[in-house]
Amino acid sequence: MNKKNIFQDIRNKSYAYAFLLPMVIGMLIIHFVPIIIGIIISFLDLNQYTLSLYLKAPFVGLKNYYDVLFNPQSTLRIGLFQAVRNTVIYTICVICGCMGLGMIVALMLNENRSIVKLFRTLYLFPWIVPTYVTGLLWGFMWNHEIGVVNYLLTKVFKLFSEPPFWLIGPNTLFAIIIPTIWRYWPYYMLMLLAGLQTIPDELNEAATIDGASEWQKFWYITLPLLKPVWSILLLIGIISNVYSFNIVIMMFGHGAGFPGEWGDLLMTNIFRNSFNLWQFSKGAAASIILMIVMIGVVAMWYKIFGRNKW
Amino acid sequence: MKYKYFFYTSLIFLVSITSLVIPSCKKKEHKEISGKKTINIWIMPNSPRPVIDLEEVLSDFKKDNPDIEIVITAIDWGAAWSKITVAATSGIGPDICQIGSTWVGTIASMGSLLPLNDYISEIGGEEAFLPAIWETSHIEGSKEIIAIPWFVDVRAIYYRTDIFKKLGLTKKDLDTWESFEKTLKRIKEAKVVTDEKGNLYVGKEAEDKLKQQGYKLIEPLGITGKNDWNVIHNFVPWIWAAGGELLSSDRKKAVFDSKEALQGVFFYTGLVRKGLVPIKSLELNTTQVATNFVNGEYAMYFDSPHMVKYMSLPEEEGGTGETVASKNYDIALFPKGPKGRFHFMGGSNLVIFKFSKHPKEAWRIVAYLCSKKAQIKYSQKTGFLPSRKDAFDDPYFEKDPKRKIFKEATKYGKVYPCIPSWGPIEPVLTRRLGILWDYVAGMYGPPTDEDIEQQIKLAAKEVNSVLLTVNSSETNK
């Protein structure tokens, strides 16, 4: 579309553009202005002494970026490896968990019986609970002694003779992955279910006549036709889990120390360094680096799943 | 027609945006009532009813000073750090603010606190306050007094007198590190078992009872691990008692990885490694450990004086006065280490911001709150200790044998260095020592001295990096 066409288009569809305008202005205020300020801060030395100067803090060039990536003396760098490792494991596990569980339940609920409709509503409950409540509640549930998880594992199912520790040591990572899956799988289920209902019955019927097994029907009909849904869920999942913060901070950060080596995600690391250690510029630099990496990930997603590839 | 639509849509958009923007622009300051000067105070939840309790303490002041209108706001400890620092840097905030004694150095370095040197003689000056806590009234090395100590918090040992009596132990058995450890071992080996009524059984009898329902084993000591804000406060008395320090005397380097400091760390963590502390207690925070002590899970634990009040109140008033532990406990000082006895001393200070429009009136309130009468009254409400020496002469502290021990503990009180970099150091140390507890709890296999030393060295490395960053920022300031 050339320049002339754009203006003509705006004139022709002014009503639609008028409705878009608030969102565009809102996006500018809420997203782009903070991003630009964040980029500026990442080149300054904004700390407890210079905070009152704000954007007039001394300019230090790329020093913050160097500190985040290479300087072994920087506190952000010291915890970076663990934070990246945990975030990668966390994101993969949460997406696989949510997608798997969501798909299984969506397939089970893809019927029009009234009891199924009731379950459809009931399964949405975890998703209604705010993430900070999820974090707090699971914090209690993981408790070694009085937590319901260990009670179930040792007393009811008798899977362990000794109750495991969840909130200390490497198990911490599971202690944050499982509540996140619990919180988000209904959303995945809902989206996949909506997708499943758009698949015409005729396809499955034809496959049945041709003698296809249930597994073959799922693999060759359901999964490819659901691609627009699960590919979008994959994108949303990557973005929301890499930027995950609430559950960890509510489980560990609120009146109960800090997440240890296996509970620290990128966001909690950046938050701690920015707001507890007063290294706003290093926090901003780390956020910008993360943003660039995420833009790369999204670009890759477009390359693989982009509009014309469905 | 299209333009008409455009006009109406724009109008709706404008109205909705203005309705969002206008309330946020409205200043939140309270209106000045004619002739009265309004003083805003921010406090933390120091008691169950923070605002009402402070208003009651200030009731006499209000009668004598009708020209001052006091507005008290309670802010949560979790949000306090960011709210106060935003106020300090933005110039929008209260006139008077409570700040944690360990935060003074950092917040003072932001340059927004009013120097109070000209006023302090009115409240008796430095001599009137406990010497240790007075160190938090100013940045180390500076003569500018900017934060007046308001109340003090020291930790001591809470122990079960009935268990001690049963095993023939006394308070003296907690006097030194050696005797403390020996006492814990004695309780561990005796296998003290209790029933719901609080009857105690030891030895063979206890072993038989333990097989029946309704009986439980009492562990010698309950301490918190990583999931607690007090991680450093719990570690540091042992480091000090072993002759170690946290930072070098020029405050440029972390020295808690020295041989002496490590001795303290080994002793404290050794209590867990020797099985004298149940590993499951390491997952809890101070409140949960306190609840367990009250419910008869441990023979000993460490806590602040506010529990004395809590354990004396009946259940209807929110206390636990009826439990067996609440009726059979006493307080003891921390055991003496190779280089003496130390108690971590914390608490809160009162500051006046430079941007206050009525600094003189604000000072009158601070002076009143730091007077002997108000300090005793507030201590009775919160359970914390006064910061003034003369307040301890009151029968409330003198006649109560338990509070008297806390008074004694203040003599051994020691505070963290009051320096600008302490604010960022505290979260680093809290987290690093928390990770150390993971190792001590055996999450990575049986813990060795090398593991612990390595974790302490990592903590020192991170603290050094904070010191380097903050100090270089300070020189560039």
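Biologist: Which side chain of opposite charge is nearest to the buried Arg120(A), and how far away is it?
Modeller: Bear in mind that this is a predicted model. Arg120(A) is buried and has no salt bridge. A salt bridge needs a nitrogen and a carboxyl oxygen within 4 Å. The nearest side chain of opposite charge is that of Glu111(A), at 8.6 Å.

Biologist: Which backbone oxygens does the side chain of Arg120(A) reach?
Modeller: Arg120(A) belongs to helix H5 of chain A, residues 114-122. A polar atom of its side chain lies 2.9 Å from the backbone oxygen of Glu111(A).

Biologist: What is the make-up of chain A in secondary structure, and what share of its residues is buried?
Modeller: Chain A has 15 helices and 0 strands. Its C-alpha trace spans about 75 × 75 × 30 Å along the principal axes. Of its 310 residues, the share that counts as buried is 46%.

Biologist: Is Lys217(A) buried or exposed, and what is the accessible area of its salt-bridge partner Glu214(A)?
Modeller: The closest N and O atoms of Lys217(A) and Glu214(A) are 2.9 Å apart, and the two form a salt bridge. Both sit in helix H11 of chain A (residues 214-225), 3 residues apart, so about one helical turn separates them. Lys217(A) is buried at a relative accessible area of 9%. Glu214(A) is exposed, with a relative accessible area of 62%.

Biologist: How far apart in sequence are the parts tied together by Lys373(B) and Asp60(B)?
Modeller: The side chains of Lys373(B) and Asp60(B) meet in a salt bridge, 2.8 Å from N to O. Lys373(B) is in helix H16 (residues 372-382) and Asp60(B) in helix H3 (residues 59-64) of chain B, so the parts that the pair ties together are separated in sequence by 313 residues.

Biologist: Where do Lys191(B) and Glu207(B) lie, and how far apart in sequence are the parts they tie together?
Modeller: The side chains of Lys191(B) and Glu207(B) form a salt bridge at 3.8 Å, N to O. Lys191(B) is in the loop between helix H8 (177-190) and strand E6 (193-194), and Glu207(B) is in helix H9 (residues 203-210) of chain B, so the pair ties together parts whose separation in sequence is 16 residues.

Biologist: Which residues are joined into one network by salt bridges that share partners?
Modeller: The count over all chains comes to 34 salt bridges. The network made through shared partners consists of Arg49(B), Asp53(B), Glu56(B) and Lys381(B).

Biologist: Where does Lys226(B) lie, and what is its relative accessible area?
Modeller: Lys226(B) is in the loop of chain B between strand E9 (219-222) and helix H10 (231-241). Its C-alpha atom is separated by 21 Å from that of Gly347(B), which is 121 residues away along the chain. Lys226(B) counts as buried, because its relative accessible area is 2%.

Biologist: What is the volume of the largest cavity, and which helices each supply at least two residues of its lining?
Modeller: There are 8 cavities of 30 Å³ or more, and the volume of the largest is about 100 Å³. Its lining has 15 residues; among those nearest its centre are Asn47(A), Trp278(A) and Thr469(B). By class the lining has 6 nonpolar, 7 polar and 2 charged residues. The helices that each supply at least two lining residues are H15 (280-305) of chain A and H20 (449-476) of chain B.

Biologist: Which elements each supply at least two residues of the lining of the second largest cavity?
Modeller: The second largest cavity has a volume of about 90 Å³. Its lining includes Arg155(B), Asp228(B), Tyr268(B) and Phe302(B), and divides into 5 nonpolar, 4 polar and 2 charged residues. The elements that each supply at least two of the lining residues are helix H12 (286-294) and strand E10 (298-303) of chain B.

Technical notes: Residues are numbered from 1 along each chain as its sequence is written. Chains are lettered from A and ligands numbered from 1 in the order in which they are written. This is a predicted model: local features need pLDDT of at least 70, side-chain atom pairs count only at pLDDT 80 or more; totals for chains, interfaces and linings use all residues. Side-chain values use heavy atoms; hydrogens and water are left out. On a 1 Å grid over the protein atoms alone, a cavity is a set of points where a 1.4 Å probe fits but cannot get out, and a pocket is an open set with protein on both sides within 12 Å along at least five of seven lines; lining residues have an atom within 4 Å of a point. Grid points are joined across faces, edges and corners, and a volume is the space filled by probe spheres set on the points. Helices (H or I, at least four residues) and strands (E, at least two) are DSSP runs, numbered from the N terminus. Ala, Val, Leu, Ile, Met, Phe, Trp, Tyr, Cys and Pro count as nonpolar, Asp, Glu, Lys and Arg as charged, and the others, Gly among them, as polar. Buried means under 20% relative accessible area, exposed over 50%, partly exposed in between (1.4 Å probe, protein chains only). Lys and Arg count as positive and Asp and Glu as negative; His and the chain ends are not counted. A polar contact is a pair of N or O atoms within 3.5 Å; within protein, one must be able to donate a hydrogen and the other to accept it, and residues adjacent in sequence count only if both atoms are side-chain atoms.
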